[in-house]
Amino acid sequence: MRLRRLAAVAAALFVLAACSPAGPDDPPAADGVTTVTVRLWDDQVAAAYEKSFAEFSRQNPDIRVQVNTAAYTDYFTGLTLDVASGTADDIYWLNALYFGALADGGKLIDVGKALPDEVGGWVPAAVAQYTRGGTLWGVPALTDGRIVVYYNKAMVEAAGVDPQNLTWNPTDPAADTFLPAAKKLTRDAAGRTADQPGFDPGTVTQYGFNAGRDLQAIYYNFIGENGGRFQAPDDTFAFTEPRSEQAFSYLVDLINTHHVAPPAAATNTNPDFSRDQFLQGKMALFQSGTYNLKNIDDGATFAWGIAPLVAGPAGRVSVVNSVIAAGNADSPRRDAILRVLRWLGSEQGASFVGGEGAALPAVTAAQQGYSDYWAGRGVDTRYFGAAGGTDTIPAPSGPKFGAGSTAFEPIFNDVFAGRVPVAEGLRAAQDAGNAALR
C-alpha cells in the first residue's frame, strides 16, 4: 500500500485514450470456465487471495481467478504500458497516486453504479479517497490504518528508551525527546553511541531510526506533525511552506548531521532497506504501517513491539491510505469481473486477508478477523487505530500526482542525500512538480 515512485509512468497515464464501451463477455473456455486475472503487488495478500479465490470458484465454478503478483518498484510502469496496449489484467490494484488519471481516461469500471448495495459495507474513508466526480472507481480492498513505530525490545531496554511517548521538535530542543533517544539507540563498530565522544558515523552497526525519502511512513507524517502541508486544496505542491521545510530539514539532519538513520544512498534506491535493517537486528526503531506487520512477524528473530507514531509539535498526525481493486473497463469479461469484485468487497471474500493477518481489509465486517489474528499472535494492533491518535494529513490527491512525483523525487534524492541545501532543493522540487501538473 505504500505510496512511492516511478519514472515515465505518469506521463503515459495522461495520454491514454478513453476506452470504447465494453462489449459482451468473451465466451468461456472449452471447459466452460472464464478466467479472470487479478494483479497486485503484495505477496502476503496474494497468498490470502489464492485461498479466497479457491472458495469463490467453489461457489462459482464457471469462473477461475488467476492472481498475478508484480514487484511494487515496477508495478505501475508495467501496468501503464499494459493499459495503453489493451493487455492489462481484468482487475488490478491501484493506490491514490495513479487512480485519478485512469479514472479520468475512462479505463475503470464505475463500481458505485455497478455494485451500489455493497458500498455501505466499506470503510468510508476509503470510499471517499477513491470517489472522483461523484463516482467510486474501485472496490476498497485494504486500508493501512495509522502509521506506528515497530521497536526492538532488547535495544530500547538496553538504551533505557521508552518508545511509547517520544516527541520531536525542530525549534525547541528542550521539547525533543526523540533525537536524544535516537542517538542512544545508534551504535558504531566500537560500541559507542551517537551521543558519545569519538562516535564514528562511518562504522554504524545499529541505527536508531529509519528517516528517509519514504512518503507514507516518514516525511508525510513529519510534515503533518509540524502543522505543514504537502499539497494545497487545488492539488498543487506546497512543501516549501516554512513548517513543511522545517520537517524536511529535521529529517535530513537525522541522516546527515546526527547519523542516527541510514544514508540516503541506501534508502533512496531500496525502499525496503530500512525494513531489512530492522529485521536483521541493525535498527532499533522502524516507523511504518500495517503493510509491514506480517513481514516483521514472519522475519524478526527477536522480541519486538509496537508503539504509537513519534509525535511532533502538532501531535501525532498520520496519513491514512487505502488501496482499491479496480475493474478494467476495456476487458470483455465485465460480468465475470463484477462477480469477482463483489466477492472481494464482501465479508466472506475479504475474511481470508484479515483472518490470516496479511493486511487490514477495507471491508468493515472483515476487520475483526485481522484484530483476532494478531491478538492470537500476542500482537497489540490498537495503535493502528484511534489509540495511536486521530489527527490525519490528507493522502496524496489529484490525477497528475504521479507525474508530479516523477518530477520531484529525483530532486528529493539529492535533498535527503545532503547534496543540495534543503530550502533550495525543496523549491526546485516544488517547481518541477507543479510544472508537471500543468
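**Reading the predicted model**

User: How much of the protein chain is buried?
Analyst: Buried residues make up 56% of the 438 residues in the protein chain. The model is predicted. Buried here means under 20% relative accessible area.

User: What makes the protein chain as compact as a globular protein of that length?
Analyst: The chain holds 18 helices and 14 strands. Its radius of gyration is 22 Å, and the globule rule gives 22 Å for 438 residues, so the chain is as compact as a globular protein of that length. Along the principal axes, the C-alpha trace spans about 75 × 50 × 35 Å.

User: Where does pLDDT stay under 50?
Analyst: Over residues 1-24. pLDDT is the predictor's confidence on a scale from 0 to 100. The model still has 75 contacts beyond four places in sequence for that stretch. For the protein chain, the mean pLDDT is 92, and 93% of residues reach 70 or more.

User: Why are β2 and β6 said to stand at the edges?
Analyst: The open sheet has 5 strands in the order β2-β1-β3-β13-β6, with mixed pairing. β2 (63-69) and β6 (139-143) each have a single partner strand, so one side of each lacks a neighbour in the sheet. Neighbouring strands are turned by 25 degrees against each other on average, direction ignored.

User: How do you know that β1 and β2 pair?
Analyst: Pairing needs at least two bridges. Strand β1 (residues 34-40) and β2 have 7, in the parallel sense. Val36 stands opposite Val65 in β2.

User: Which helix lies across β1, β2, β3 and β6?
Analyst: Helix α2 (residues 43-59), running at about 175 degrees to β2.

Methods:
Residues are numbered from 1 along each chain as its sequence is written. This is a predicted model: local features need pLDDT of at least 70, side-chain atom pairs count only at pLDDT 80 or more; totals for chains, interfaces and linings use all residues. Side-chain values use heavy atoms; hydrogens and water are left out. Contact means heavy atoms within 4.5 Å. Helices (H or I, at least four residues) and strands (E, at least two) are DSSP runs, numbered from the N terminus. Axes are lines fitted to C-alpha atoms, for helices over the stretch in contact, and angles run from 0 to 180 degrees between N-to-C directions. The radius of gyration is taken over C-alpha atoms; the globule rule is 2.2 Å times the number of residues to the power 0.38. Buried means under 20% relative accessible area, exposed over 50%, partly exposed in between (1.4 Å probe, protein chains only).
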